[in-house]
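Please look over the sequence and the structure shown here before reading the report that comes after them.

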Amino acid sequence: MTVTLLDVRDLEVTYRSRAGDVPAVRGVSLQLDPGQTLGLAGESGCGKSTMAAAILRLLPPDTRTSGSVLLDGEDVLTMRPGRLRAVRWTEAAIVFQGAMHALNPVRRVGVQIAEAIHLHDKLTDEAVDARVGELLEQVGLPARRAASYPHELSGGQRQRVMIAMALACSPRLLIADEPTTALDVMVQAQVLDLLAELRRELGLALLLITHDLSVLASTCERIAVMYAGRVVEEGPAAAVFDEPAHPYTRALSEAFPTIGDRASRKAPHGLGGDPPDPRELPSGCEFHPRCPVAVPICPTTDVQLWPAGPDRRAACVHVRDREPEPSAP
Amino acid sequence: MSADPVPLPPSPDGQAASATPIAAEGLATTTDPDALEQPILEVRDLHVHFRPRRGRGPVARAVDGVDLAVRQGEIVALAGESGCGKTTLARTILGLERPTSGAVLYRGRPIGRGTAALKPYRREVQLVLQDPTGALNPRQSVYESVAEGLRIHGVKGDEEALVEHALARSGLRPPRRFFLAYPHELSGGQRQRVVIAGALALEPSMLVADEPVSSLDASVRGEILALLLGLVRDLGLTILVVTHDLGLAWNVADRLAVMYLGRIVEQGPTEQVLAAPMHPYTRALLSVVPEATHREPQVLAGEPPDPTRVPVGCRFHPRCPALAGGEAARAGVDGRCRGEAMPVLRGLGEHHAACFLTDESVKKEASDRLGR
Amino acid sequence: MAQTSAPPAKDAELTGPAPSPRAIVRARRRRAAARAWAEYRRNRVGMVGLAILIVFIALAVLAPVLVPSSALDVTQATGVPFSPPSAEYPFGTDESGRSVLALTVWGSRVSLLVGFLATVISVLIGSVVGIVAGHFGRWTDSVLMRVTDWFLVIPFLPLAIVLATVLGPSLANIAFVIGITSWPGTARIVRAQALAVTARPYIERARALGAGDWHLITRHILPNVVPLIFANTVLIVAIAILSETTLAFLGLGDPLRVSWGSMLDAAFSHGAASIGAWWYLVPPGLAILLVVLAFTMCGQALEAVLNPRLRGR
């Protein structure tokens, strides 16, 4: 019986700042089984990067968190520091956003990858070098690249190095925060192919975070869409992408049009307004000021994730009030 | 605009004979409808090469022979990956970079060199930059940023009214409330609108937009693109968009030119290029775009080579799936792919690509050989 | 069109008839200056330094009021040479019987004046060179930087001595000598900032709008560089005063004017040290120390104010 690898329950994360409290994540629950892929979609300010950092408790010290993050049954948020350090990188690892700039420019990449290994295993230098070479090959780079400095590598290559670093201690879960955002579409395809291959070879579970819904649709099994610190829709990737239940998901998917679709030819779809400021969230459904199908009850209804089809949920009053479908669409 | 009945293959104006810019033989040109209007902007056999600092070492051929023509009132997308030269091309068109050879013609006349000579041109052709945060001086208020162009050119008239008008045109309403704001108080989308307003204040005829939405949130993208479309519709602007996002081209562009390693490799009306791509590079790109899921993905290995080491023959041949997969050999052009220099692609006209496989005469030859 | 959210209106500005945007900008600048001052006030070190400076500047400005200039006249000196501090002469007397206190007060004028003058020259040259080199880059930058390096590398004292000897001893000349030997430091700092600003996208945008170099320099680069120059200037003054002291001590200063350096020179050449006339050496020495220290403290506080990252958290 498979134990759920990652089980996030009612996670809340609030940053403290001079201007007051900023609720970045407001009650999010997610599950990920071993070997599964989950895509987390959302834009700036929705809390997705905070979520990623929270899973490994990498948030700044004065942040308030509540809820639980069970990694293989153990709650990361209440672990003792020693156990936490042991778990970080060996159970779950992160590839951060802007990873290209997360590399130390004055040290060779091989040394930086080795750093991760040294922190967790006591291996001889030769064994470490061998492992670094093995990791580089796994991500599609020749082993001799370990001697290069970051500036000698291209953007795509640096991203691969970051992935190699994340794999250094053979984690079971890889969290990738916007791994392809600054990359060209061909390099993006290469990196996504790599992630898929690694999943197959290593049985990795993958939590992929990005604002490009179509990337998630083609790489993940399930998608969860976040807005203003909450999940507003989740379900099987194809269903969520092809027939979004929540108006925000629909807007996100329309933002990157399908090439060949006449409906979007010379007709860019966008939402008015801007993603909300976490300090001043609208009442009721946080999306209502920008929602094209908002109705008078939206600002006053406390939305939750309601069933929206087989294995799907969405936090929209239209979903709640719709007649249940007799069979899958 | 004069009705010039001469078909368009541009004259090199005394450039070296080796750069004869005629497209692949066999393509019909005499009934070309584009030849009847003089394009508002023309680029003729443009080369922009960068010498390395120390004087020694290879030259980076960022733009290596480009012909492009943009007609009034149309939106042309210049697409390609990083390093293909699209940004350099855009900057050279704006006069921010000096061409090594070739010409940029605005309304038929070459643009000048040097700040003074370029000044009148700059009133007509404006820039919208990629990163709206960096594009605005953080110490200047929105009013000052928008008024900057007016002050530089000494435009007479009520400055406040002009700024207000420009802000309103870019969708920032009520405009007066934005006068006092500073860039850090605005969202990404609003900042981009301020940049657009700054460009519009001078009432240009043409905008060059470099990745206008790539650093903005997904849900805001559509609004800015709709704004650009609105400007073309309402003000008759012409827009050249530089982007790596083919979906953006699908959304807004009338014509699409795909660049690879300093050259345009395919060009034509957007729908034709994206629905029936002719060049193997375009086909590969389209196949991996997540938003075009109906193709078998052809992920090319490696990355585009650097502009200091342009391959001999067709510059795409080392990565070309058609060559690697044997299609080129079957058509009998593999030798040409590897060894023959590709002529510069024509800047206007119907859909065509810089590929030996698409050369009509080659196709004819191949079909003859098959004994049809 | 789009329903965009306007930024929160600053109510104070919207009262009364709509003020012109330029007035708003001025008001904003005033508020920013007030905030910077409040931030500076919080820096204790800076406040102490400022207090000391104010005292010395007051001393220099009010010298004619506080001490009659006749006290400097050797022919009118009535004290016993080299007499220790007493009620009549709180700092004792010099070798001619003049009050050391009077000399110290009057000496502040020369030291501070030369210091400021030299600083103005130094900062002007340094800023212009820095901005031109940083903004125009390439060939101009190379040439200017080689010139800067040349000035940087030449040892200050030999050059100063040669120049002072050639030009002749006068306050203006001394200020000039110090000025042209101390500008490289400013030039390098300003160049670095000008380089960074010139590379920013809004410069390119301004160019695309049609801006020429003059507009770019005055409207964009200068505002970004001025705070840096300001902080640097304060430190340069300290250096300039020290340099003046050194030159005067070596006898290269204006022989007709009293400065702290010339006092030290006189003290040593008349054997004050061997006699044990400490009262002749300590006041000028202490004065120099205090003034230089005060400028340094102010300079550091200014840097902290202008660069928020340096502020103690």
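## Model and domains of chain A

The structure is a predicted model, and what is said here about its parts should be read with that in mind. Chain A is divided into domain 1, which covers 6–91 together with 171–276, and domain 2, which covers 105–163. The centres of these two domains of chain A, taken over C-alpha atoms, are separated by 26 Å.

Where domain 1 and domain 2 of chain A touch, each contributes 9 residues to the contact. On the side that belongs to domain 1 of chain A, the residues divide into 7 nonpolar and 2 polar, with no charged residue among them.

## A sheet in chain A and the helix across it

In chain A, 4 strands form an open sheet in the order β2-β1-β4-β5, and their pairing is antiparallel. The edge strands, each of which pairs on one side only, are β2 (20–32) and β5 (74–75) of chain A. Strands of a sheet pair through backbone hydrogen bonds, either parallel or antiparallel.

Strand β1 of chain A, residues 6–17, pairs with β2(A) in the antiparallel sense over 10 bridges, and within β2(A) the residue Val28(A) is the bridge partner of Leu11(A). Helix α1 of chain A, residues 48–55, lies across β1, β2 and β4 (64–71) of chain A, and the helix runs at about 70° to β2(A).

## The largest nonpolar core

The largest nonpolar core has 287 residues, and those with the most contacts inside it are Val225(A), Ala77(B), Leu78(B), Val146(B), Val208(B) and Val241(B). The largest share of this core, 18 residues, comes from helix α9 of chain C, residues 213–249. Because domain 1 (6–91 + 171–276) and domain 2 (105–163) of chain A both give residues to this core, the core lies between them. In soluble globular proteins, nonpolar side chains tend to be buried together.

Leaving out residues up to four places away in sequence, Val225(A) touches a set of residues that includes Ala41(A), Gly42(A), Val231(A), His246(A), Tyr248(A) and Leu252(A).

## Where chain B meets chain A

The contact between these chains takes 34 residues from chain B and 35 residues from chain A. On the side of chain B that touches chain A, at least two residues are supplied by each of α8 (218–235), α9 (246–252), α10 (270–275) and α11 (280–288) of chain B. The largest share of that side, 9 residues, comes from α8(B), and the residues of the side as a whole divide into 19 nonpolar, 9 polar and 6 charged.

## Two buried residues

Gly347(B) is found in the loop between α14 (334–339) and β11 (352–353) of chain B. Gly347(B) counts as buried because 27 other C-beta atoms lie within 10 Å, where 20 or more are required. Although Gly347(B) and Val70(B) are 277 residues apart along the chain, their C-alpha atoms are separated by 8.4 Å.

Ala206(C) has its place in helix α8 of chain C, residues 201–209, and is also buried, with 23 other C-beta atoms within 10 Å. Apart from its neighbours within four places in sequence, Ala206(C) is in contact with Glu148(B) as well as with Ala211(C), His215(C), Leu216(C) and His220(C). Ala206(C) and Pro81(C), which are 125 residues apart in sequence, are 69 Å apart in space, C-alpha to C-alpha.

Definitions and conventions
Residues are numbered from 1 along each chain as its sequence is written. Chains are lettered from A and ligands numbered from 1 in the order in which they are written. This is a predicted model: local features need pLDDT of at least 70, side-chain atom pairs count only at pLDDT 80 or more; totals for chains, interfaces and linings use all residues. Two residues are in contact if their C-beta atoms, placed from the backbone, lie within 7 Å. Ala, Val, Leu, Ile, Met, Phe, Trp, Tyr, Cys and Pro count as nonpolar, Asp, Glu, Lys and Arg as charged, and the others, Gly among them, as polar. A residue is buried if 20 or more other C-beta atoms lie within 10 Å of its own, exposed if 12 or fewer, and partly exposed in between; C-beta atoms are placed from the backbone. Domain bounds come from an automatic or database domain assignment. Two strands pair if DSSP finds at least two bridges between them. Axes are lines fitted to C-alpha atoms, for helices over the stretch in contact, and angles run from 0 to 180 degrees between N-to-C directions. A nonpolar core is a set of buried Ala, Val, Leu, Ile, Met, Phe, Trp, Tyr and Cys residues joined through C-beta atoms within 7 Å.
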